[in-house]
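Reader: Could you take me through a few labels in this model and tell me what stands behind each one?
Author: Gladly; let's look at it together.

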Amino acid sequence: MADIHIHIGVSRTGTTVLQKHILPKANKTLIISKKPLQPAIPTGDHTSFLQKIDEGLNNGSMAILMNTQEGQYKLFQAISILSTCLAVNPETLSLHPGFPILVKLIKFLSSTLKNENILISSERLSETAASLNGQSNHSKHADKVFNIYPLIEASIAAGVYLKIIVCLRHPIEYLKSKYLRVSKQREGLRARPLSPQEYIKKQMNLEAISPGSSALSAAMHSEFVSNLQKNSFVKAFGFEDLIRSKDVFALLGINEDQKLSFDMFPQENHIANSGSSIHYVNLHNAIELTIKEDKDAYGKIAKAMLYL
């Protein structure tokens, strides 16, 4: 059986550099990845697409698709769509018609490539729509948990033990970078701008009503890793470890002959912060002070910090 590694980001931790420059250079690992700077989940109705994936799994034609980059990307899209759909009603996910398809898909990947490791990469697996867009609650038809959790549940049903790869960042730096990304996204959606204080308070509210589904979740390092470890192996490391790494594949925990330094490649997906370093310091302080207003939340984040 092939080992299946799942790189879940988190977002704002060098995922674009990994997906654009480093992972494509792997030659001993099958990479099934999100396309850099593109959404993981296509818009529109996915019923017909998933039916074709299911048919391919049942009649054996999926094995032919695996030999092409287009086919591999279709598998990535199927995994992304199914994981998100199952995250809408996580309490009853095993009853969803997509659950057996995802189980079959994981079995297929594990059994078809018997002597090859597989790495699936998508930072969307460590998000919900609400954490992604800076919302304070989950809408009715949106995902309610990070999408990695339905994927883990399906892997258990498939009899496959996943290896989760996660990069975590200093909590305040992470939330600052997330805020800048959310601001950019909301601007593109023509949604109302959020101040740093409002963004953090919305995510605090989301975490209070739905623990483990907000941007704060990945800022609480030990708690997040502990939840992932309940039913999978977790390879966790810090963002500073990544950007200083001289052998990124080894840091990710996959066996490749070549050694690649992270600093060999250009910075990607950098978000400007409206100018001066003073503004950046003020943004940092605003986020930190807003979190400190809630002593319980600040205490949990500080206590749980493992990485820089």
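Reader: Thanks! In which helix is Thr15 found?
Author: Thr15 belongs to helix H1, which covers residues 15–22. Helices (H or I, at least four residues) and strands (E, at least two) are DSSP runs, numbered from the N terminus. A word on the source: this is a predicted model, where local features need pLDDT of at least 70, side-chain atom pairs count only at pLDDT 80 or more, and totals for chains, interfaces and linings use all residues. Residues are numbered from 1 along each chain as its sequence is written, and side-chain values use heavy atoms, leaving out hydrogens and water.

Reader: Why is Thr15 called buried?
Author: Its relative accessibility is 5%, and buried means under 20% relative accessible area, exposed over 50%, partly exposed in between (1.4 Å probe, protein chains only). Thr15 therefore counts as buried.

Reader: Which residues does Thr15 touch?
Author: Leaving aside residues up to four places away in sequence, Thr15 touches His7, Gly9, Val10 and Glu123; contact means heavy atoms within 4.5 Å. Gly9 and Val10 are joined by a cis peptide bond, with omega about 10°. Val10 sits in the loop between strand E1 (4–7) and H1.

Reader: What makes Leu37 exposed?
Author: Leu37 has a relative accessible area of 53%, so it is exposed. Leu37 is not a glycine, yet its phi is positive, about 65°.

Reader: And why is Arg190 called exposed?
Author: Because its relative accessible area is 81%, Arg190 is exposed. Arg190 lies in the loop between helix H8 (171–188) and helix H9 (196–209).
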